[in-house]
Amino acid sequence: MTAEPEGFVLTADVLVLGGGPAGAWTAIMAAERGASVVLADKGRVGTSGATAAANTAVIDVAPGSVARRHVIGRRLERGLGLAQAEWIERMVDEAHTRLRQLAEWGYAFARNDRGEIYRGSLRGPDYMQLLRRRLHKAGVRLLDHSPAFKLLLSDGEVVGAEGLTRAGAPWTVQSDAVVVATGGCAFMSKALGTYGLTGDGLLMAAEAGARLSGMEFSGQYGISHVDATVTKNLIYDWATFSDERGRVLDGGDVFEIVARNLPFGPVYAIIDKASPAIEEGLRQGQPNILLPLDRLGIDPFRQRFPVTLRYEGTVRGVGGIAVDRNCATSAPGLFAAGDAASREFVVGAVSGGGGPNSTWAIASGVWAGEAASDYAARNRPRGRARPAALAERANSQASGNLNADACVSAIEAIQSEIFPLERNFTRDEMTIRGSLSRLDSAWRAFETAKASSQESKNSHRARETAAMLASARWIYASALQRPETRGIHRRRDYPGCESAPPRRLQIRGVERVVVEQAQ
Amino acid sequence: MIELVSTDRCIKCDACVDACPDNVFDSVPGEVPVIARIEDCQTCFLCELYCPADALYVSPLKEERERVDEATLIARGLLGSYRRALGWRGIKAAGTERDLSHRLPEPDGTPREK
């Protein structure tokens with residue numbers, strides 16, 4: 001290899017970390033409000049993140065409509081006491097406006113069978129390519145292939161971030177506000193589009209003092225062909241599941257059917273309840289669902305195929321950085337949007353997979369962009385005067401260099417605690433305590449190894465590993481403090497819901513993890 | 001996982017190196033990009049989608065290597081098939097107006113009403 005590429009330092013009003021839909025909306029909104037904006041993504045804006053690889057439903061309901069009342073009522077009911085009407089209302093109303101804006105920008109929505117424009121579905125690759133174009137138009141400076149490693153702090157305020165490009169160039173962006181939109185954490189399960197979603201932003205935020213919430217609602221897996229990665233659960237609404245001998249399996253939702261039966265042998269699905277119109281809708285509307293099956297020579301509407309559950313963590317789960325109604329975190333100068341933020345107020349105790357999460361990405365992105373640019377405007381004179389030397393690192397150990405083998409074995413250790421259905425689809429006190437104790441040891445061993453390592457090439461993977469370790473510990477530490485079953489937090493030892501009203505848990509800390517009851 | 005970068009078809013534009021969200025390829029000046037870190041491939045098909053020369057093939061298999069033969073892939077019409085299914089014009093997004101997802105259930109999972 002050639003010499004290390006040279007590093008660079010940039011200054012901006014607002015720095016956005018992560019360029020999926022939430023980060024893109026954030027950056028566009030902040031720039032349109034007059035802020036200078038840098039957006040850094042660990043991949044490439046346009047193909048990075050869970051949305052770019054997939055299609056996503058989005059909630060589009062008109063203010064005052066019956067559909068809006070229905071959707072809000074249904075979300076409240078499904079949220080099992082933890083979703084709030086006011087948050088859902090603000091979210092769907094914001095998205096309703098922004099989906100129209102997206103059409104003005106050039107997204108060609110289809111018309112339904114009655115000839116009306118239908119805005120309830122976004123094709124990921126197309127949507128993200130359009131948002132990339134809008135980012136350029138808005139004057140946002142894009143740093144592709146530039147993972148962030150840590151936030152910069154000054155007097156307890158977040159004033160930028162540092163990272164390393166994939167080519168190895170160290171970068172620093174000094175800013176008056178930072179928005180974390182790095183997505184959730186799916187622990188490299190290879191569920192479609194989630195490989196880069198390793199909780200990096202959650203770790204950076206927690207190091208800066210931010211709290212997280214909803215982390216216990218994380219028993220979230222997607223159904224996929226056993227050998228493939230596409231975890232679009234939509235088609236299984238029309239599926240019949242069966243075992244090796246062809247016996248039909250049912251009882252509970254589709255995830256419960258698969259989870260309950262996988263320990264006893266292969267589980268098969270066939271999409272035999274889809275009418276010809278639905279089949280055509282799936283083929284024409286969701287080509288990426290059928291792509292792997294087509295390539296495997298499987299006609300899923302007529303042939304059964306073996307399925308498995310792939311862990312989706314906090315991507316389709318609930319938890320993330322706790323935010324207020326402006327998407328501000330509890331760390332001054334730090335905001336969060338999209339799957340990096342907790343979605344507890346909009347989805348409650350259940351998965352926001354598909355529609356709610358993509359709607360939240362738009363709404364929270366807009367709110368974070370507006371609030372961060374306003375915050376930057378208020379703090380500008382002081383912020384600009386701040387010399388770089390004053391900025392201390394959020395955590396001086398955080399850059400973490402480590403050799404590849406140590407990362408591989410640490411990641412395997414994390415996955416063996418977080419993927420097994422008997423540990424994470426359902427849980428009990430014994431499995432949680434066992435996982436927590438092993439993860440705590442793994443964390444300490446990792447910190448020790450990091451401190452004594454001199455290698456620099458793998459600091460990117462080392463940082464991802466640390467973020468996954470931290471996320472796994474937050475998941476189980478929160479799960480331990482909720483002795484009940486609610487939504488996608490399923491406790492074998494407490495099968496029922498606690499009597500109302502449900503408690504909200506927040507969690508903070510990296511070295512020492514603390515769970516507290518919140519409002 | 002990514003299985004094929006066709007040396008016959010590749011125009012050495014490095015679009016796949018840039019499009020890959022997970023840094024799987026390495027660019028080689030004046031040469032066809034190399035698949036350098038296949039273990040990091042998440043089988044998202046996006047490099048294939050962004051290849052203007054239909055030179056790439058992503059196998060649907062997540063872990064196992066699929067032995068592919070370029071002539072067979074061409075005969076089966078698989079090179080560039082994802083982009084054609086979406087209706088893209090080259091590497092420019094297009095075709096969303098033919099999206100039939102409105103026939104599928106509501107975003108919250110309930111059956112479409114009316």
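Trainee: Is the crossing of α12(A) and α15(A) left-handed or right-handed?

Mentor: Good place to start! In this predicted model, α12(A) and α15(A) cross in the left-handed sense.

Trainee: Which residues in α12(A) and α15(A) meet?

Mentor: From α12(A), the list includes Cys407(A), Ile411(A) and Ile414(A); among their partners in α15(A) are Ala462(A), Met468(A) and Leu469(A). Sorted by class, this contact has ten nonpolar, one polar and two charged residues.

Trainee: Now let me zoom out. Into which domains is chain A divided?

Mentor: Chain A has domain 1 (8-217 + 314-393), domain 2 (221-311) and domain 3 (404-518). Taken over C-alpha atoms, the centres of domain 1 and domain 2 of chain A are 31 Å apart. Their contact draws eleven residues from domain 1 and eleven residues from domain 2. On the domain 1 side, those are five nonpolar, four polar and two charged residues.

Trainee: And where in chain A does pLDDT stay under 50?

Mentor: Over residues 383-400, where the model has 39 contacts beyond four places in sequence. For chain A as a whole, the mean pLDDT is 92, and 94% of its residues reach 70 or more.

Notes. Residues numbered from 1 in each chain as written. Chains lettered and ligands numbered in written order. Predicted model: local features only at pLDDT ≥ 70, side-chain atom pairs only at ≥ 80, totals over all residues. pLDDT = per-residue confidence, 0-100. Contact = placed C-beta atoms within 7 Å. Domains from an automatic or database assignment. Nonpolar A, V, L, I, M, F, W, Y, C, P; charged D, E, K, R; others polar. Left-handed = near helix turned anticlockwise from the far one by under 90°. Helix = DSSP H or I, 4+ residues; strand = E, 2+ residues; numbered from the N terminus.
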